[in-house]
Amino acid sequence: LSGDGGGGGGAAEGPDATTYTAVIDAYARSTAKDAAKKAERILFRMMDEAEEAANLEKSGLPSGAGAAGSVLPNSVTCDAVLNAWARRSNREGAERAEKILERMERLQERGASGSGNDIRPTAYSYATVVSAWAHSGGGGEAAERAEAHLNKMLARAGGEDDDDDDDARPNAVVFNAVIDAWSRSRDPRAGEKAEEILAKMERHGVEPDVITYNSVINAWAASGHLKAASNAEAIFECMMKGGEREGLVPTVRTYNSLLKAWSRSKLPGSARRVDEILRGMLGEGKGPFGDDNANDDDGKTAPRPVRPDVVSFSTALNAWAKSDEPLKARMAFSLLERMIEFHMKSDNDKALPNAVCYNAVLNACAFSASSPDAEERKDALLVAVKTLQDMRAGGFADPDQVTYAQMLKCVANLVPPGETRDKMATNLLGRCRDEGMVSREVLTEIRRAASPGALEGLL
């Protein structure tokens, strides 16, 4: 690619923009460590030539005078490199993508023209950089950087009568990427900021879609705000009211984000609210959670309630485990049985119970030790033993390191010290060792569960 196009009075032609873009795209898709840098190096060489051509044109000289045989980039070429850096999913990738975007903006302002079209950032270019910040792990600062690009697009689009820059007007993809950046930020402002962007989106005549509402709900779920769950449900209800628009109906992901919001809530009754929503998904409830206006993640309307998946059930199980509800161990076990029944009857592989589900029930049992009711504590131990037995016999999931650690925690928390507790603990350790599941957490819990004498010669 560094050749001059050959001799022979110009009989041979050098590579064109399509060739350069193909090479850059190959680097962009490569998993090699330095692939993005190599793609960027080629692009910057092309940009340097574009800048030189623009300077010559402004000085009244022919643009080719100082760049004979040069090939100028276009937005497609630039977007390929933006993608290469965005796929890094780290801060460096986001910063490098942002620098390329800023250089595209400078070239556009200076009137540089590329091959086939202007070197101008499009909505896709901005969405790529915004997405790079969303996946950079930079928290609230990264989300602010993403939002700054949206605001810049809106400022440029505002008050323009011509359609020359229509390709750079923010669309639903750009707005959604910024909301996603806030939802991933774990910032306490995430829910409020996501709602602000949703309102701004509607003010600028861009219709929110399912992805928009899912991301706003998820932003509230991740915010840690005291009223996060109720605010997330208000967004869900707003989405339901707009369901007359084609495709704007809840998906499994919508429900799972709402379930997550309630499962993380510290408000009293949160676990029961999670259970109500899940019952609606199973077709057992009334109102918005039991209606037939839901679909799968492909966005196509389906004449039935949305079906819960393993994430739906595991979120609900964890809600019971973390709650202060009485009889939470029994409630969690009952939910696990309903999950198994639902999977068997519907033959829904997406609702296949896994180790996380069984472990959540064991967690509910272990933390039932704080109950003042001795009968509830006794029942929690029975539930724990039954859960482990069912796990081994059910064929859905095998016990893992977390399973044994949780079961040992149940023994330590629910069985009075003595011979019975020592025997239960050492038997569990033996089984755990035979299955190669001993972990640091297992060793911590066995020391809590068994007496020093019972552990002699075992550790």
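**Figure 1. Overview of the predicted chain.** This is a predicted model, in which local features need pLDDT of at least 70 and side-chain atom pairs count only at pLDDT 80 or more, while totals for chains, interfaces and linings use all residues. Residues are numbered from 1 along each chain as its sequence is written, and side-chain values use heavy atoms, with hydrogens and water left out. The secondary structure comes to 20 helices and 2 strands, where helices (H or I, at least four residues) and strands (E, at least two) are DSSP runs numbered from the N terminus. Of the 459 residues in the chain, 49% are buried; buried means under 20% relative accessible area, exposed means over 50%, and partly exposed lies in between (1.4 Å probe, protein chains only). The accessible surface of the chain comes to about 21900 Å², and carbon and sulfur atoms hold 49% of that surface; such areas come from the Shrake-Rupley method with a 1.4 Å probe, and for residues only the protein chains shown count as cover. Among contacts (heavy atoms within 4.5 Å) in the chain with a separation of 6 or more, 68% are between residues 24 or more positions apart.

**Figure 2. Helix α1 and its buried face.** Helix α1, residues 17-29, has 13 residues and reaches 18 Å from its first C-alpha to its last, close to the 18 Å expected at 1.5 Å a residue, the expected span being 1.5 Å times one less than the number of residues. Its buried residues are Ala17, Tyr20, Thr21, Ile24 and Ala28. Seen down the axis of α1, these buried residues fall within an arc of 95 degrees, so they line one face of the helix; the arc is that of the directions from the helix axis to the C-beta atoms. Thr18 and Arg29 are exposed on the other side of α1.

Figure 3. A salt bridge is a side-chain nitrogen of Lys or Arg within 4 Å of a carboxyl oxygen of Asp or Glu, and a search of the whole structure finds 27 of them. In one of these, the side chains of arginine 96 and glutamate 40 meet at 2.7 Å, N to O. Arginine 96 lies in helix α4 (residues 91-109) and glutamate 40 in helix α2 (residues 35-58), so the pair ties together parts that are 56 residues apart in sequence. Arginine 96 is partly exposed, with a relative accessible area of 21%, whereas glutamate 40 is buried, at 6%.

Figure 4. Arg91, Glu95, Glu98, Glu141 and Arg145 are linked in a network of salt bridges. Arginine 91 is partly exposed at 31% relative accessibility, and glutamate 95 is partly exposed at 29%. Glutamate 98 is buried, with a relative accessible area of 8%, and, leaving aside its neighbours within four places in sequence, glutamate 98 is in contact with Val129, Trp133, Arg145 and His149.
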